[in-house]
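Student: I have the structure open and would like to go through the terms used to describe it. Can we take them one at a time?

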Amino acid sequence: MPTREISERLRGAGLRVTTPRISVLEVLDASRDHPRVDQVIERVRAGGVSISTQAAYDVCEALHRAGLARRIEPAGGPARYESRVGDNHHHVVCRSCGAIADVDCAIGE
């Protein structure tokens with residue numbers, strides 16, 4: 001998603017547009033694996049943006065509180081984040097490897 005659209009989403013949620021927020025939301029938009037914060041940090045830095053560990057945690061939580069990210073807390077594991085919000089879906093977690101996948105909510109038969 002272009003940076004302009006991400007900036008508009010941030011503003012629409014009442015958040016200031018900052019490079020860390022744009023970068024984290026870009027990572028979440030591109031991720032299908034529901035990354036942990038340490039994975040978010042790694043991916044943001046791989047994109048050439050400097051971000052501290054504390055800033056990454058703060059941004060993830062700000063996005064969650066603003067409704068731009070969903071926090072998933074699998075039993076026995078760290079919190080994970082995704083930008084898929086606004087729909088009703090569930091998550092399955094592999095007990096062997098910890099992989100998480102989305103499962104669309106089925107209504108009716």
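Tutor: Of the 109 residues in the protein chain, 35% are buried. Keep in mind that this is a predicted model.

Student: What makes Ser23 buried?

Tutor: Ser23 has a relative accessible area of 7%. Buried means under 20%, so Ser23 is buried. Ser23 is part of helix α2. Apart from neighbours within four places in sequence, Ser23 is in contact with Val44 and Val49.

Student: Is His34 buried or exposed?

Tutor: The relative accessible area of His34 is 1%. The cut-off for buried is under 20%, so His34 counts as buried. His34 lies in the loop between α2 and α3.

Student: What is the phi of His34?

Tutor: Phi of His34 is near 55°, which is a positive value in a residue other than glycine.

Student: Why is Cys97 called exposed?

Tutor: The relative accessibility of Cys97 is 62%. Exposed means over 50%, so Cys97 counts as exposed. Cys60, in contrast, is buried, with a relative accessible area of 0%.

Student: How many disulfides does a search of the whole structure find?

Tutor: The search finds 0 disulfides. Take Cys97: the nearest cysteine sulfur, that of Cys94, is 3.6 Å away. A disulfide needs the two sulfur atoms within 2.5 Å, so Cys97 is in no disulfide.

Student: Now the helices. Which elements does the protein chain have, and in what order do they run?

Tutor: The protein chain has 4 helices and 4 strands. From the N terminus on, the order is α-α-α-α-β-β-β-β.

Student: What makes α1 roughly perpendicular to α2?

Tutor: The axes of α1, residues 3-12, and α2 cross at roughly 110° and come within 10 Å. Angles of 65 to 115 degrees count as roughly perpendicular, so α1 is roughly perpendicular to α2.

Student: Which residues of α1 and α2 meet?

Tutor: On the α1 side they are Thr3, Ile6, Ser7, Arg9 and Leu10, and on the α2 side Arg21, Ile22, Leu25, Glu26 and Asp29. By class, this contact has 4 nonpolar, 2 polar and 4 charged residues.

Student: Why is α2 called roughly perpendicular to α4?

Tutor: Helix α2, residues 19-30, packs against helix α4, residues 53-65, at an angle of about 70°, and the axes are 10 Å apart. The range for roughly perpendicular is 65 to 115 degrees, so the term applies to α2 and α4. From α2 the contact uses Pro20, Arg21, Val24, Leu25 and Leu28, and from α4 Val59, Cys60, Ala62 and Leu63.

Student: How do the residues of the contact of α2 with α4 divide by class?

Tutor: There are 8 nonpolar residues, no polar ones and 1 charged residue.

Student: How do you know whether the radius of gyration of the protein chain agrees with that of a compact globule?

Tutor: For 109 residues, a compact globule would have a radius of gyration near 13 Å. The protein chain has 14 Å, so the value agrees. Along the principal axes, its C-alpha atoms fill a box of roughly 45 × 30 × 20 Å.

Student: What part of the contacts joins residues 24 or more positions apart?

Tutor: Such pairs account for 34% of the contacts in the protein chain with a separation of 6 or more.

Terms used: Residues are numbered from 1 along each chain as its sequence is written. This is a predicted model: local features need pLDDT of at least 70, side-chain atom pairs count only at pLDDT 80 or more; totals for chains, interfaces and linings use all residues. Side-chain values use heavy atoms; hydrogens and water are left out. Buried means under 20% relative accessible area, exposed over 50%, partly exposed in between (1.4 Å probe, protein chains only). Axes are lines fitted to C-alpha atoms, for helices over the stretch in contact, and angles run from 0 to 180 degrees between N-to-C directions. Helices (H or I, at least four residues) and strands (E, at least two) are DSSP runs, numbered from the N terminus. Angles under 35 degrees count as roughly parallel, over 145 as roughly antiparallel, 65 to 115 as roughly perpendicular and the rest as oblique. Contact means heavy atoms within 4.5 Å. Ala, Val, Leu, Ile, Met, Phe, Trp, Tyr, Cys and Pro count as nonpolar, Asp, Glu, Lys and Arg as charged, and the others, Gly among them, as polar. The radius of gyration is taken over C-alpha atoms; the globule rule is 2.2 Å times the number of residues to the power 0.38.
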